[in-house]
Each structure stands twice: as C-alpha cells, then as structure tokens.
Amino acid sequence: MKKLLIAGVTVSVAGLAALAAHGGVNSGQVVVPLAPPLPAPTSNAANVALAARADDPLPPPEVGAAPVALLYDLGSGRTLYAHNADTPFLPASVTKTMTAFVAFEMLAKGELREDQTFTVSREAWREWHSKGSRMFLSEGSKPTVHDLLMGIMNVSANDGAVVLAEGAGGSVAGWVEKMNATARSLGMTHSHFGTPNGWMDKGNTYVSANDMVKLASAMLTRHPDYYRRFVGRPGMTWNGITQPNHDPTLGVVPGADGIKTGYTGEAHYNFLGSAQRNGRRLLMVLAGVPTPRERTAAAKALLEWGFSAWEDKPLVAAGTKLASAQVQGGTVGSVDLIAPRDMFATMPAGASAPASLRVIYNGPLVAPIAKGTPVAELEVRLGGAAPVRLPLTAAQEVEKGGVMDRVKFGFARLIS
C-alpha cells in the first residue's frame, strides 16, 4: 500500500482519504472544566462563595388558581418555581409568540422586510373579520409586516396572524410547518402548533410551560431589538380603532414588558410574561387560570417574589471567551466559545454556595458554522443544587474547508 510522509507522520493513502473526509477526530461529548479565576464583570469567580449565608428563599406566593405555573431566571437559566411545567396545555393566543418569533427569524435573515406589504385575502377576511381579537383588517387592504406584528403582539390580532401566515408562508399550512420546524429546532418537545393564532382546533395546538420559556428565551436572546420594537406596547390604533394591550403586568409590575396573553373558553386565561429590573430578567408562564383577576394577581405575586426572594450574582460578562471547540471540516481547526449575554448565578437572597463551571459540547463541531450560533453550553453547579446549562455561541464564522484544510487539521490533531 502506498504511503505518504507529512510532517513526520506516516499514513496510508486510505488513511489520508479518511482524514480528508472526516478531519481525523472521533465525535463525542467534550467537557472543559473552568478553573478560577473566571473572567467576570465583578470579582466573583468560580469555586468561591458568592454571598454570606445559605438560607432557603422565602416561600413562594399562593398561585393555586393556576394549574400550570413557572418562573424562570433568564440570566442564570435557573427555574425558581415550577408546577406542572411539562404538562401540555392549550395556549390560545399565546401561540402568537411563535408566529412572531418565526417572523423575527425571517427578518433577521433578510427573508422578510418590515415595510413589505401583504394583501388581505377574501378568505382571510371572511373567516377572521369578526372572530375573536382582531385589528380590523379590511379585505384587499395591504398592511405592512410591521403593522401585522404590532397587531399580533399587542392587540392579539387573529386576522393579522393569518394574513402574515398567508403572505410570509405561502399559506397557513406552510406557515404552520415553519412554526413546528422552529419548535423542534428549539427543543420544544411537548409542543405542537396547528394554527398561527391559537384559535381552537380540537387540541391540535398545545404547548408546555418549559417549552414556552425556551421560545421566550430564544426571542430575547436572538432578537432583543425586535422584542423591544414589537412587544409590550400599550396598545394599537388601526383603521381608526384604538385597542389596549391586555397584558396584566404592564404598568402594574415595575419592569414588566410583555409578552403575550391568551384566552379561550377551553384554555381559560394564560400568560407568557417577562419583566426586567437592574439588568435581571424573569420569565413567567401561567396557564388555565379561571378568571382574569386571578391571573393578574398570580402574575404580580410570582414576579415580585422572584425579584425579592432571589438575587443574581455575576458570573460571566457578555462576550467573554470561555473555551475553544475543535472544528471538523472547516477552514480553521477551532472556534472560540463566548457568552452571548451576561450570565449569572441565581441564589436565595443573601445565600451562599460554592460555584463550579464547565463547558460542554458535542465535538468536534462540523463546519460551516455561523457566527453567533449556539454550539456549546456552560454548566453551572451551585453547591448541591441541580446544575443548569446556559448556551454558548461561536465567536467567529467558520467556513467549510477544502480537502487540504481537512488533511492539515486532521494531522494536527494526530500529532497534538
């Protein structure tokens, strides 16, 4: 068998072909422990006590009226309160959060424009001009994507969601396919969408609280500008009609800025909410609440408890490089892993616990890799508590390499 000698390593031609094809790296989970001192926005570092005491948090408020309830700290990835968090429920208009997110993704990729217009079809007008919440679109009118998103997220426009689905997805069915594909990509394992607006469909549309937190986290992390632009407005005027946003926390809970309410007779009163104070953001899900008054009380009590009974300790500043991951089949052999946002450890107010961190990814990563793509996780352990994982993203774009790139990096790993 013919052999080649490259950089002092002897390999057969067959072996060279394998290196060229695969980069010469076995795949599997890669774990990178992080030793202190860890770069952070304050003096806090891994494996040190983060505060003074180790007390339990204040007991949570009574939210017994909510069959499903969840409170989550976005900065730390820690669930602060959970009741039936994986139990599927009917989301009603909370469904529109996914419709907005899919549109945000398309806007970011240049597949949609905010000033792009879609014509209100006769079919959409006939079915939705008088059904449920709406922005009173007229048949044949041409609202922009911006108008439709404002209506969808702030006055819960059923008609707007359908017009956006028809225009941006080619059809309602095509849009729903996008919604479900996006749900799968986000790991929403207890959810399925059958409509773009959450109207009753015999249970074909369902979600879980944990899944809705995944969706809201992706929206806030990937598209903070679109979130600020389209979510949490006090209301909307369209076609001469002014309507308020029925979010139960806007103007009631300091820092509250969305996200979406929902109601049908089957689903009862639901809410996917968010509030931010001093850089700390909480996400909340309530579902199946019997009355709007009980939903408002539960939302306010749960958010206030989350801000008062818990506190965040800074761990990693946004943009901090935590490790490098090996790359297979690219123009470079590795890519830096960075924190896409400020990351924290959430603990009961005044509590302490040793913190240890490690980076985990399934490696080697396979090129091409887009800059900003989530490709790894930061695992945070606080004392004996269950670990939480936060996404880490690629700091650079990695293009797909040619044969010689794969040979070069394959041999580099063989002799390293």
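Let me start with the lining of the largest pocket in this predicted model, whose residues divide into 19 nonpolar, eleven polar and seven charged. That lining comprises 37 residues, and the ones that lie nearest the centre of the pocket are Leu-186, Glu-377, Arg-389, Leu-390 and Pro-391. The space in this largest pocket comes to about 1,000 Å³. As for where the lining comes from, at least two residues each are supplied by helix H7, residues 209-222, and by the strands S15, at 355-363, S17, at 374-382, and S18, at 388-394. Of these elements H7 provides the largest share, with seven residues of the lining.

Turning to the second largest pocket, we have about 390 Å³ of space, and here 26 residues form the lining, with Ser-93, Ser-133, Ser-156, Thr-261 and Tyr-263 lying nearest the centre. Two or more residues of that lining are given by each of H4, strand S7, at 241-244, and strand S8, at 256-264. The most comes from S8, which gives seven residues. By class, the lining of this second largest pocket has 14 polar residues, eight nonpolar ones and four charged ones.

H4, residues 145-154, packs with helix H2, residues 96-109, at an angle of about 150°, and their axes are 9 Å apart. Since angles over 145 degrees count as roughly antiparallel, H2 and H4 are therefore described as roughly antiparallel to each other. The crossing in which H2 passes H4 is left-handed. On the H2 side the contact is made by Lys-96, Thr-97, Thr-99, Ala-100, Ala-103, Phe-104 and Leu-107, and on the H4 side by Leu-149, Ile-152 and Met-153. Sorted by class, the residues of this contact are seven nonpolar, two polar and one charged.

The contact of H5 with H6 has six nonpolar, two polar and two charged residues.

Key:
Residues numbered from 1 in each chain as written. Predicted model: local features only at pLDDT ≥ 70, side-chain atom pairs only at ≥ 80, totals over all residues. Heavy atoms only, no water. Axes fitted to C-alpha atoms, helices over the stretch in contact; angles between N-to-C directions. Helix = DSSP H or I, 4+ residues; strand = E, 2+ residues; numbered from the N terminus. Parallel < 35°, antiparallel > 145°, perpendicular 65-115°, else oblique. Left-handed = near helix turned anticlockwise from the far one by under 90°. Contact = heavy atoms within 4.5 Å. Nonpolar A, V, L, I, M, F, W, Y, C, P; charged D, E, K, R; others polar. 1 Å grid on protein atoms, 1.4 Å probe; cavity = no way out; pocket = protein on both sides within 12 Å on 5 of 7 lines; lining within 4 Å. Points joined across faces, edges and corners; volume = space filled by probe spheres on them.
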